[in-house]
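Q: I have a model open and would like to go through it with you. Can we start with the term we will need for charged pairs?

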Amino acid sequence: MTTEKTIDGTATEMQRPASATQRRSRRGWIVGAIAAPLAFGAVGLSLAQNSGVTLTPVAPTSIAQLSPSAAIAAKGEVAEIFGNKFVVQDGSGRALVETGKAGEDGALVTKGEAVTVQGRFENGFLHATLLTRADGKTVVIGPSRGPKPGGLDWAKDKVGLWPAVDAPALTAKVEAAGYSDIRVIGRGPRHLEVAAKGQDGRERQLHVGFDGDIREKRSF
């Protein structure tokens, strides 16, 4: 014996449970709904707007005195522009600055503009992480800091639901480990990038986990 249930002459089919693909799609939609309004403000955000983490400002040195370092700065005038690279010059010399994706359109700086460039100096290049214009405005250069863009962790970070980063406590741990001249140079998903001098006077680039774990990545 069969029983058919008809409402207004239309048979209603029971909905099947959502598949794994549908659940992932729904999750992506939710993340997108959270992230979309934030995306417009995410471009050019300084680290100061990202869980309270700020880059440590570095006093500029003359271009002739640039030496291998994870955090060094030079001040001068933009002399030439080559895509995502430009030449900055002062009275002591010239240096080639690499800006990555941020400068691919060649419009990040203009010829003749006075700028201060902070970043990593290695193999003859100043790899910029922070650009300061003559009016004091700053541009953070490089990949997004914090969780990978577009994910749920990224969305949580943008709306303040991600665990806050206690940068002063982490730098205090670095100091307690025997390092000096400590400078925050970036942030990863669960760590800070730090430049500091070891007890032998040589500079190191450190990976400082939010759990306090400290690892040396490279020496200069």
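A: A salt bridge is a side-chain nitrogen of Lys or Arg within 4 Å of a carboxyl oxygen of Asp or Glu.

Q: How many salt bridges are there in the whole structure?
A: The search finds 10. This is a predicted model, in which local features need pLDDT of at least 70 and side-chain atom pairs count only at pLDDT 80 or more, while totals for chains, interfaces and linings use all residues. Residues are numbered from 1 along each chain as its sequence is written, and side-chain values use heavy atoms, with hydrogens and water left out.

Q: What is pLDDT?
A: It is the predictor's confidence in each residue, from 0 to 100. The chain has a mean pLDDT of 80, and 73% of its residues reach 70 or more.

Q: Where does pLDDT stay under 50?
A: Residues 1-15 are one such stretch.

Q: OK, back to the charged pairs. Which residue forms a salt bridge with glutamate 80?
A: Arginine 94 does, and the closest N and O atoms are 2.3 Å apart. The pair links distant parts of the chain. Glutamate 80 is in strand S3 (residues 69-82) and arginine 94 is in strand S5 (residues 93-98), 14 residues apart.

Q: What counts as a strand?
A: Strands are DSSP runs of E with at least two residues, helices are DSSP runs of H or I with at least four, and both are numbered from the N terminus. The chain has three helices and 12 strands.

Q: Is that pair buried or exposed, or what do you call it in between?
A: Buried means under 20% relative accessible area, exposed means over 50%, and partly exposed is in between, with a 1.4 Å probe and protein chains only. Glutamate 80 has 30% relative accessibility, so it counts as partly exposed. Arginine 94 is at 48%, so it is partly exposed too. Of the 220 residues of the chain, 35% count as buried.

Q: Which residue does aspartate 213 form a salt bridge with?
A: Arginine 215, with the closest N and O atoms 3.8 Å apart. Aspartate 213 counts as partly exposed because its relative accessibility is 40%. Arginine 215 counts as partly exposed at 44%. Elsewhere, salt bridges that share partners join Arg120, Glu122 and Arg218 into one network.

Q: What is the N to O distance between glutamate 122 and arginine 120?
A: It is 2.9 Å, and their side chains meet in a salt bridge. Arginine 120 has a relative accessible area of 24%, so it is partly exposed.

Q: New topic. How much of strand S10 is buried?
A: S10 covers residues 191-197, and six of its seven residues are buried.

Q: What does S10 pair with?
A: Two strands pair if DSSP finds at least two bridges between them. Strand S9 (residues 180-187) runs antiparallel to S10 and is joined to it by five bridges. Serine 180 has lysine 197 in S10 as its bridge partner.

Q: What about the hairpin of S10 and S11?
A: It has five residues between the strands, and glycine 201 there takes a positive phi near 90°.

Q: Where is serine 219?
A: Serine 219 is in strand S12 (residues 214-219). Its relative accessible area is 36%, so serine 219 is partly exposed. Leaving aside neighbours within four places in sequence, serine 219 is in contact with Arg202, Glu203 and Arg204. Serine 219 and leucine 206 are 13 residues apart in sequence and 9.1 Å apart in space, C-alpha to C-alpha.

Definitions and conventions:
Contact = heavy atoms within 4.5 Å.
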